[in-house]
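Have the 3D view open as you read.

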Amino acid sequence: MSFFSLGLALAVAGTAAAQDAGGITLDLNRLDPADNACRLTFVADNALAPLSALALETVLFNQAGRVAALTLFDFGDLPDGSRRVRQFDVAGLACDDVAQVLVNGVASCTGDGVDTPVCAQSLDITGSVEGVEVMQ
């Protein structure tokens, strides 16, 4: 087996192992008014691998179905097997106006044996806020 073939086989095996390890679950847990902003609180459970960075492109839609905000939510590091709570303030947005939250994609993800495509495939988004639909 050549070095190239061996390297390719190891890369594929590493990606498969990372995908089999588990996933990343994010729950939109709360929406709270905060100083002319809406504060979104997410609970993140990481069972994929130690992540040094995770950033998601997120779109918030108002009650009329129009885009109210397009933003990146930087979850920072997420240790493997851990639960973390992250909050994000979206300025100029009233929480009562938020009808839908769409995770449009994984902007970046780095960690032990994982990359952005692996994180995107391993991501599961849920919502606990009544009256707000969460999608990916």
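Predicted model: local features only at pLDDT ≥ 70, side-chain atom pairs only at ≥ 80, totals over all residues.

A quick reminder before we start: strands of a sheet pair through backbone hydrogen bonds, and they can do so parallel or antiparallel.

Begin with the open sheet, which has four strands in the order S5-S2-S1-S7 and mixed pairing. Its edges are S5 (82-91) and S7 (123-127), each of which pairs on one side only. If you look at how neighbouring strands of this sheet sit against each other, they're turned by 25° on average, ignoring direction.

Strand S2, residues 37-46, runs antiparallel to S5, and ten bridges join the two.

Next, head over to strand S3, which spans residues 51-62. What does S3 pair with? Strand S6 (residues 98-111) is one partner, antiparallel over eleven bridges. A handy landmark here is alanine 53, whose bridge partner in S6 is threonine 110.

S3 is also joined to strand S4 (residues 67-74), again antiparallel, by seven bridges. Along this pairing, glutamate 57 stands opposite leucine 72 in S4. S3 and S4 make a hairpin, with four residues between the strands. Glycine 65 sits in that turn, with a positive phi of about 85°.

Terms used. Residues numbered from 1 in each chain as written. Heavy atoms only, no water. Pairing = 2+ DSSP bridges. Axes fitted to C-alpha atoms, helices over the stretch in contact; angles between N-to-C directions.
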